[in-house]
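Subject: Structure handover

Hello,

Here is the structure you asked about. Please open it alongside this note; my findings follow below.

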Amino acid sequence: MAEPDTPKLYLITPAEIELSRFPDQLAAALDAHETACLRLALASHDEDRIARAADACREVTLPRDVALVIDNHVMLVERLGLDGVHLTDGTRSVRSARKTLGPDAIVGAFCGTSRHDGMSAGEAGADYISFGPAGVTSLGDGAQAEHELFDWWSQMIEVPVVAEGALDAERIAALAPVTDFFAIGDEIWASDDPLAELSRLAAAMG
């Protein structure tokens, strides 16, 4: 577990991966900045496309000792040689995922802005809890995971906490003392120079 004052990077893939280009971009990012985990977060439900993307990402993450997890697809974790799963339904699947994958796999849970869901997911066996969006966004219902939530969690709960969603340098700097990981995805991949943008955001982490 990272110390609260030294948050780590946690990268999220784009929803669509261009296999001729993305692995090189990912490698450059991982070589430039120490990263704890990569989440495969594809929009596609086509198992073949997911498998090819997972293989390409694993070839980059494995030699760099970066964990590789996948959104929701519990049954693909072992088949694709991944390190675990990131669940987006709060507490509902944590216990069954842990039972399926065993004690050594990573099981993370996204709990939106709900302190209660986060606590329940932790009690059910989640290795980390993700709250978000941590920044201001017009997407969804406009709810935001406030600084107070991360501050309370970092003081009261031992399960590591991840901040994600609509992050910018200012928000990262504010949350750095009370957050274990920053999950960054579209913030960099949507830019013209992902590595430069990642460097700018990573600098804000301190």
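Axes are lines fitted to C-alpha atoms, for helices over the stretch in contact, and angles run from 0 to 180 degrees between N-to-C directions. Keep in mind that this is a predicted model.

Helices α5 and α6

Helix α5 covers residues 115-123, and helix α6 covers residues 147-156. They pack at an angle of about 30°, and their axes are 11 Å apart. Angles under 35 degrees count as roughly parallel, so α5 is roughly parallel to α6. Their crossing is right-handed. On the α5 side, R115, G118 and M119 make the contact.

Helices α1 and α2

Helix α1 (residues 22-32) packs against helix α2 (residues 47-61) at about 25°. Here the axes lie 9 Å apart. The two helices are therefore roughly parallel to each other. This crossing is right-handed. From α1, the contact uses F22, P23, L26, A27 and L30. From α2, it uses A56, C57, V60 and T61. Eight of the contact residues are nonpolar, one is polar and none is charged.

The largest pocket

The largest pocket holds about 570 Å³ of space. Its lining has 26 residues. Which of them lie nearest its centre? They are I12, E164, G165, A166 and D186. The lining divides into ten nonpolar, ten polar and six charged residues.

Best wishes

Terms used:
Residues numbered from 1 in each chain as written. Predicted model: local features only at pLDDT ≥ 70, side-chain atom pairs only at ≥ 80, totals over all residues. Heavy atoms only, no water. 1 Å grid on protein atoms, 1.4 Å probe; cavity = no way out; pocket = protein on both sides within 12 Å on 5 of 7 lines; lining within 4 Å. Points joined across faces, edges and corners; volume = space filled by probe spheres on them. Nonpolar A, V, L, I, M, F, W, Y, C, P; charged D, E, K, R; others polar. Helix = DSSP H or I, 4+ residues; strand = E, 2+ residues; numbered from the N terminus. Parallel < 35°, antiparallel > 145°, perpendicular 65-115°, else oblique. Left-handed = near helix turned anticlockwise from the far one by under 90°. Contact = heavy atoms within 4.5 Å.
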